[in-house]
Amino acid sequence: MLDSTFLQACEDAAARWDVPALTLGIALEDGTTDLHAVGCELDTRFRIASVTKPMTAGLAVCLLDLDAPTGVWSPEVTLAHLLSHMSGYDCELGDLHRFGDGDDALETAVGELGTVRRLVPLDTAWSYANTGYWLAGALAARAAGTSFEEALRKHVIRPAGMASTDFDAPEVDGSGPNASSDPYPRVRRASGGLVSDIADVVRFGQWHLREAWTVVQRHPRGKPVGGVYGLGLFGERVAGVDVWGHPGSYGGFQSSLLVVPERGAVFAALTNSGNGSRAVAELEDLWLERLLGARRAVAPTVELPAEVPESFRGRYANEDTSLEVAPGGPALAGTVVANGESVEFEARAVGERTFEVVDGR
């Protein structure tokens, strides 16, 4: 599948989106694997960020009862709610460096999770919450009688044959928007702390498809803005076929893992750029077109009465991001401020309450 046209597409996407280093890997049902690198060696290790989440979710499925309460948040909140982002609790817990880098860091943070505000009631809305993954990681560590890191190595990383994957430092620096050279907080590892190379990420995808028990991760439990969410995996349909996966973004690294169970196929891409997801999205669509005969569908623009966009005028904020929204005719426009950086945007309507950003980084 990685013929000269696909390889050129990799080069072009990396250049178009200013991605210094990119690696891409695919695997087919017959076990055939193809890997390609742009601007680095194939075995270069990147921070994979939230591509860690399906691995943490797999660990939790191995060791814990999905219907059990967490013992920290409200009694009706179960492990499944944590892994599907349906708990309703906030995403973050302030500066995580305050918990240090010792073996007790995660447990110490769990002691403060009871202070996290609840944004919406249970099962009301899908709301991305890294906090839920830190709690799930701590519960798995307790069940294993080890640290979270060693539990993940024993039950996921080693069984999947991921010899180059661990929680150390990446071999390239992050670049572009939100790049950071700060040490990765240990508390954050369960939601996105792994460092890996492209071959290992593909191996994880293959292992995930081989293991019958992982199917529970691919049952829809939440409804994000687009598609569905299971346990550590987003789900969507392309040409009538289920595609599951997870992106990752942290500190100037962006990554992606996709699996297509019906075809036994895996796609993975790693970049060291805050613009990397833009390049990866192009390559995902090319892969999907070759595998399934179609790219992702583009939602049509919906014409809304002027009072609907006007009703969204205002300021929205969470712990680390604020959004000033103003109507721009049938569309929305405004400014996002995140990590001290301000970015203008314009968004078209694709539903009565759903808008897609079409302009601005």
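Mentor: Here we take the labels in turn and set each value against its definition.

Mentor: Before that, some ground rules: this is a predicted model, where local features need pLDDT of at least 70, side-chain atom pairs count only at pLDDT 80 or more, and totals for chains, interfaces and linings use all residues. Residues are numbered from 1 along each chain as its sequence is written, and side-chain values use heavy atoms, with hydrogens and water left out.

Trainee: OK, why is Thr78 called buried?

Mentor: Buried means under 20% relative accessible area, exposed means over 50%, and partly exposed is in between (1.4 Å probe, protein chains only). Thr78 has a relative accessible area of 12%, so it counts as buried.

Trainee: Where does Thr78 sit, and what is it in contact with?

Mentor: Thr78 is in the loop between H2 and H3. Those names come from DSSP runs numbered from the N terminus: helices are H or I with at least four residues, strands are E with at least two. Contact means heavy atoms within 4.5 Å. Setting aside neighbours within four places in sequence, Thr78 is in contact with Leu66, Asp67, Ala68, Pro69 and Thr70.

Trainee: And what makes Thr354 partly exposed?

Mentor: Its relative accessible area is 28%, so Thr354 falls in the partly exposed class. You'll find Thr354 in the loop between strand E13 (341–349) and strand E14 (355–359). With neighbours within four places in sequence set aside, Thr354 is in contact with Val225, Arg348 and Ala349.

Trainee: What is remarked on about phi of Asn178?

Mentor: Phi of Asn178 is near 65 degrees, a positive value in a residue other than glycine. Most residues other than glycine have a negative phi, and most peptide bonds are trans. Asn178 is in the loop between H6 and H7, and with a relative accessible area of 42% Asn178 is partly exposed. Ala239 has a positive phi too, near 55 degrees, and lies in the loop between strand E6 (234–238) and E7.

Trainee: What makes a set of residues a nonpolar core?

Mentor: It's a set of buried Ala, Val, Leu, Ile, Met, Phe, Trp, Tyr and Cys residues joined through side-chain atoms within 4.5 Å. In this model the largest nonpolar core has 65 residues, and Met55, Leu83 and Leu152 have the most contacts inside it. Helix H5 (130–144) is among the elements that each supply at least two residues of this core; H5 gives the most, eight residues. Apart from this core lies another, of 27 residues, among them Leu2, Leu24, Ala265 and Leu286. In soluble globular proteins, nonpolar side chains tend to be buried together.

Trainee: Which residues is Met55 in contact with?

Mentor: Leaving out neighbours within four places in sequence, Met55 is in contact with Ile48, Leu152, Val156, Met162, Leu194 and Phe204.

Trainee: How do you know where the buried residues of H6 lie around its axis?

Mentor: The buried residues of H6 are Phe148, Glu149, Ala151, Leu152, Val156 and Ile157. They cover an arc of only 155 degrees around the axis, so they are on the same side of H6. The arc is that of the directions from the helix axis to the C-beta atoms. What covers these residues includes H2, H4, H5, helix H7 (189–192) and H8.

Trainee: Why is one space called a cavity and another a pocket?

Mentor: On a 1 Å grid over the protein atoms alone, a cavity is a set of points where a 1.4 Å probe fits but cannot get out, while a pocket is an open set with protein on both sides within 12 Å along at least five of seven lines; lining residues have an atom within 4 Å of a point. Grid points are joined across faces, edges and corners, and a volume is the space filled by probe spheres set on the points. A search of the whole structure finds one cavity of 30 Å³ or more. The largest cavity holds about 40 Å³ of space, and its lining includes Pro54, Phe204, His208 and Trp244. E8 gives the largest share of that lining, three residues.
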